[in-house]
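Morning, everyone. Please have a look at the model on the screen before I start.

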Amino acid sequence: MMTAPGRPADPEFEVRRLGPGDLGLLLALQEQVHSALADPSVFQTSTPEFIAYCLADGGRCYGVAHDGETVAYRMVYFPRDRAFNLAKDTALPPSEYHRVGHWDTVAVLPGWRGHGLARLMNARALADMAGTDIRHLFATSAPSNPYAVRTLLDAGFQPIGLVRKFGGRLRFLLYRPSPAGWPATTGETPELTVACSATDALERAFRDGWTGTGIDIDGAGRARLRMRRRPLPFSTGQG
Ligand SMILES: CC(C)(COP(=O)(O)OP(=O)(O)OC[C@H]1O[C@@H](n2cnc3c(N)ncnc32)[C@H](O)[C@@H]1OP(=O)(O)O)[C@@H](O)C(=O)NCCC(=O)NCCS
């Protein structure tokens, strides 16, 4: 079983790769998670066709079982040449689009949150990606969903911009090179902290070359993104 570095594997939880026979399971979990959300706009539901595609060869899906019951899932999607490849919102050269993976939906049943299950599935999926030809991972996450942003940051993703997706909803666009992750920074660089609710200030910072490197969440769930100036770790093809 995969686990985060430095943490013992929890024998209570078992991660497994899901397959085409798990469509009904994922649809039921999706419905359970979505219907229980205080703000359902942070969670984009998927069509049965899209989930079936990811369960077959269009992606990778994982579930976590506890006592034989699946309590969490993560979907990874390979957009290939499809129009909604998130790389199209960046300067990644089109010749790389077929190497893009989307860190798509993640969902943990309400009673099982905070047990590191998102982290567990991220670790397993990242390890599996290393054995594929996928080299660029993109994700989106609502600025108003700080715990989802934090689990992505913990998995090595960094917010690189703001985009509007799913009919105009505001989302961070996050990126992670695979398998190596972002190059380490050398020396201390200045840090900027911006409230996740301050859309204009975030947009300005991303435009000025800052990327998100951490998130601070206070007791009331308010969040501030910590940012540093870092060049994107891919060539724009412009020199
Ligand atoms: C976002 C979500 C997937 C996180 O899953 P999770 O399994 O609870 O996350 P993890 O436990 O792996 O999170 C890592 C850390 O964040 C903490 N954390 C996560 N959610 C938390 C919450 N709601 N309250 C407090 N802490 C939380 C964990 O305790 C853990 O902290 P640690 O690093 O100190 O151990 C889960 O909250 C969820 O299913 N939300 C609803 C669906 C959703 O919004 N999905 C994302 C959009 S697709």
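Some ground rules. This is a predicted model: local features need pLDDT of at least 70, side-chain atom pairs count only at pLDDT 80 or more, and totals for chains, interfaces and linings use all residues. Residues are numbered from 1 along each chain, as its sequence is written.

Start with the ligand. Which residues come nearest to the ligand? They are R113, G114, A118, R119 and Y147, out of 19 residues around it. A residue is near a molecule or strand if its C-beta atom, placed from the backbone, lies within 6 Å of it. Helices (H or I, at least four residues) and strands (E, at least two) are DSSP runs, numbered from the N terminus.

What is the shell made of? It has 10 nonpolar residues, 6 polar and 3 charged. Nonpolar means Ala, Val, Leu, Ile, Met, Phe, Trp, Tyr, Cys and Pro; charged means Asp, Glu, Lys and Arg; the others, Gly among them, count as polar.

Stay with α4. Its buried residues are P146, A148, V149, T151, L152 and L153. Buried means 20 or more other C-beta atoms within 10 Å of the residue's own; exposed means 12 or fewer; partly exposed is in between, with C-beta atoms placed from the backbone. After α4 comes G156, with a positive phi near 95°.

Now the hairpin. Strands β9 (residues 210-217) and β10 (residues 223-229) pair in the antiparallel sense, over 7 bridges. To pair, two strands need at least two bridges found by DSSP. G212 stands opposite M227 in β10. Between β9 and β10 there are 5 residues, and G221 in the turn has a positive phi of about 85°.

R80 has a phi of about 45°. R80 is in the loop between β3 (69-77) and β4. Is R80 buried or exposed? R80 counts as exposed, because it has 11 C-beta neighbours inside 10 Å. F166 has a positive phi too, of about 55°. F166 lies in the loop between β6 (158-165) and β7. F166 has 13 C-beta neighbours inside 10 Å, so it counts as partly exposed.

Last stop. The peptide bond from S178 to P179 is cis, with omega near 5°. Where is P179? P179 is in the loop between β7 (169-177) and β8 (191-195).
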